[in-house]
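Subject: Structure handover and findings

Dear colleague,

I am passing on the structure below, and after it you will find an account of what was found in it. Please read the account with the structure open beside it.

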Amino acid sequence: MTIHINKEAHEVAEATSLQNALSNLQFQQTSGIAVAINEEVIPRQQWSERLLRDQDQVLIITATQGG
């Protein structure tokens, strides 16, 4: 199935959790990021439970330092 991460299409298997998708797509460093699916922020403790669906829009925001 196809999901979109930051507007870029990615293929993932059916019943893939958000956590597994992030790991499979090389997002090993997950501290300092926030994730929303279809404009709904997903708390980190729900990443392993939240299953992705075809055409989900995933937005990953990385915190940065600075002013």
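Arg50 forms a salt bridge with Asp56, with the closest N and O atoms 3.6 Å apart; a salt bridge here is a side-chain nitrogen of Lys or Arg within 4 Å of a carboxyl oxygen of Asp or Glu. The structure holds 1 salt bridge. Arg50 counts as buried because its relative accessibility is 16%, and Asp56 counts as buried at 3%, where buried means under 20% relative accessible area, exposed over 50% and partly exposed in between, with a 1.4 Å probe and protein chains only.

Before going further, please note that this is a predicted model, in which local features need pLDDT of at least 70 and side-chain atom pairs count only at pLDDT 80 or more, while totals for chains, interfaces and linings use all residues. Residues are numbered from 1 along each chain as its sequence is written, and side-chain values use heavy atoms, with hydrogens and water left out.

The sheet is open and has 5 strands in the order S2-S1-S5-S3-S4, with mixed pairing; strands (E, at least two residues) are DSSP runs numbered from the N terminus, and two strands pair if DSSP finds at least two bridges between them. S2 and S4 (40-41) stand at the edges, each with a single partner strand, so one side of each is left without a neighbour in the sheet.

Strand S1 (residues 2-5) pairs with S2 (residues 8-11) in the antiparallel sense over 4 bridges, and with S5 (residues 57-62) in the parallel sense over 2 bridges. On the S2 side, Ile3 stands opposite His10, and the bridge partner of His4 is Ala9; on the S5 side, His4 stands opposite Gln57. The hairpin of S1 and S2 has 2 residues between the strands, and Asn6 takes a positive phi near 50° in this hairpin. Further along the sheet, S3 and S4 pair in the antiparallel sense over 2 bridges, with Ile37 opposite Glu40 in S4.

Within S1, Thr2 and His4 point one way, Ile3 and Ile5 point the other way, and all are buried. Thr2 has a relative accessibility of 16%, and, leaving aside residues up to four places away in sequence, Thr2 touches Ala9, His10, Glu11, Arg53, Asp54, Gln55 and Asp56, a contact being heavy atoms within 4.5 Å.

The elements that give two or more residues to the lining are S3 (33-37) and S5, and the largest share, 3 residues, comes from S5.

With best regards
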